[in-house]
Amino acid sequence: MFDAAVAAASPMRRVPLFLPPRPKGRSIVVGAGKASAEMARAVEVAWDGPLEGLVVTRDGHAAPCERIEIVEASHPVPDARGEAAARRILALVGGLTEDDLVLALISGGGSALLNLPADGLDLADKRAINTALLRAGVPIGEMNIVRKHLSAIKGGRLAAASFPARLVTLVISDVPRDDLSVIASGPTVPDPTTFAQALDILQRYGITGPARVIEHLRRGADETPKPGDPRLARSETILIATPQMSLEAAADVARRAGVTPLILGDAIEGEAREVGRVMAGIAQQVALHGQPAPAPCVLISGGETTVTVRGGGRGGRNVEFLLALGLALDGLARVSAIAGDTDGVDGAEDVAGAIITPDTLRRAAALGLDPKASLADNDAHRFFDVLGDQIVTGPTRTNVNDFRAILIEPA
């Protein structure tokens, strides 16, 4: 099921279906995100004319291209390579004409990768605020409101710079409700949010610095392009892959195996450990009472949970979800689960996620592992590493967020 969810969002499968016709003038490809390099490769394979451009992707997620330059940069904390790439992308789309086409390839991860600080800020400011947002467990939508208002390229600014060329953006969604203004902080779409909202988010989560960031948001001197901005009039955005599509592909796998799939939602948010406990309650109801569907049944969900970091462990929201789920299930027979990030990276680890089985806690005890202590220390990656229950896919070169499935087998 996990493999099917990833394959449903394959750029090589999806991109060729949505390519625009060749323009009279130049064809410029730009992009950012964990899937952007593979999207660029798909464009090169399918495009029948001259092509040039540059995309920036996460370290290890590059794909072989001949006409489109691929740049790797740091994620989730931005670095100088991402800043240099963003600056070059802005230069590429500047000075174009109405006869030219800009094809933007956008996917999750683009917020950190397409990193160009606004006037008066520098990379150190961006890195500091990004780290603070991550540690505070700020949901991705609110994180990106802040990021857009500290950037010279996000929040529709890339689209404004491309005008008057025609702009077509192909998007692989990794966010709840497929909000185009949130995916990669919406560099090519209008931004309905404001400086005041960004400042309020920092205040609510107790983030008080860097001082230049706070002052920049208070000043609010250069607001992002809003809906109706004439510079975005020649822009079209197409969602080519979404979390819901991937959940449906996984559900088809379950049906073919004679298992009833229940898709609980493609936009599940909240603290990973709390979501794990809630999902355990639903699984128990199926196992013990046959509701809301009798076994064999699989509970499928997507979205992006958060982890408020309190310990010193190796983190990972999918593995933290699983560890909390396993503790709440307490070895309940006939219940197994998988959770993983479809990009192949859970948190900062090159591990997609993990699995649990009815004997997970028993095997952990035999190895001297304390699951409660691991959860308290945000150290679920180490827990599943010692058990040998990690899922390691390597870079999948796509990203439709997290995939979770809880299988309840019949008695």
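Arg177 is exposed, with a relative accessible area of 61%. Exposed here means over 50% relative accessible area, buried under 20%, and partly exposed in between (1.4 Å probe, protein chains only). Arg177 sits in the loop between β5 (166–172) and α9. Its phi is near 65°, a positive value in a residue other than glycine. Helices (H or I, at least four residues) and strands (E, at least two) are DSSP runs, numbered from the N terminus.

The model is predicted: local features need pLDDT of at least 70, side-chain atom pairs count only at pLDDT 80 or more, and totals for chains, interfaces and linings use all residues. Residues are numbered from 1 along each chain as its sequence is written, and side-chain values use heavy atoms, with hydrogens and water left out.

Arg397 also has a positive phi, about 60°, although it is not a glycine. This residue lies in the loop between β11 (390–391) and β12 (402–408). Arg397 counts as partly exposed, at 24% relative accessibility.

Two cis peptide bonds can be described next. One joins His75 and Pro76, with omega about 15°. Pro76 is placed in the loop between β3 and α4. Another joins Gly209 and Pro210, with omega about 0°. Pro210 belongs to the loop between α9 (195–204) and α10 (211–219).

An open sheet of six strands runs in the order β3-β2-β1-β4-β5-β6, with parallel pairing. The edges are β3 (68–73) and β6 (235–241); each has a single partner strand, so one side of each is left without a neighbour in the sheet. On average, neighbouring strands of this sheet are turned by 15° against each other, direction ignored. Axes are lines fitted to C-alpha atoms, for helices over the stretch in contact, and angles run from 0 to 180 degrees between N-to-C directions. Two strands count as paired if DSSP finds at least two bridges between them. Strand β1 (residues 27–32) pairs with strand β4 (residues 101–107) in the parallel sense, over six bridges. In this pairing, Gly31 stands opposite Leu105 in β4. Helix α4 (residues 80–93) packs on the sheet and touches β1, β2 (52–58), β3 and β4. Contact means heavy atoms within 4.5 Å. The direction of α4 makes about 150° with that of β3.

Glu142 is found in helix α7 (residues 140–148). Glu142 is buried, with a relative accessible area of 19%. Not counting residues up to four places away in sequence, Glu142 touches Ile201, Arg204 and Tyr205. The side chains of Glu142 and Arg204 are joined by a polar contact of 2.7 Å. A polar contact is a pair of N or O atoms within 3.5 Å; within protein, one must be able to donate a hydrogen and the other to accept it, and residues adjacent in sequence count only if both atoms are side-chain atoms.

The structure holds two aromatic pairs. One of them, Phe383 with Phe384, is edge-to-face, at 5.1 Å centre to centre and 85° between the planes. Rings of Phe, Tyr and Trp (its six-membered ring) pair if their centres lie within 6.5 Å; planes under 30 degrees apart count as stacked, over 60 as edge-to-face and the rest as tilted. Phe383 is buried, at 0% relative accessible area. Phe384 counts as buried at 0% relative accessibility.

Arg404 lies over the face of Phe321, at 5.5 Å from the ring centre. A charge sits over a ring if NZ of Lys or CZ of Arg is within 6 Å of the ring centre and within 35 degrees of the ring normal.
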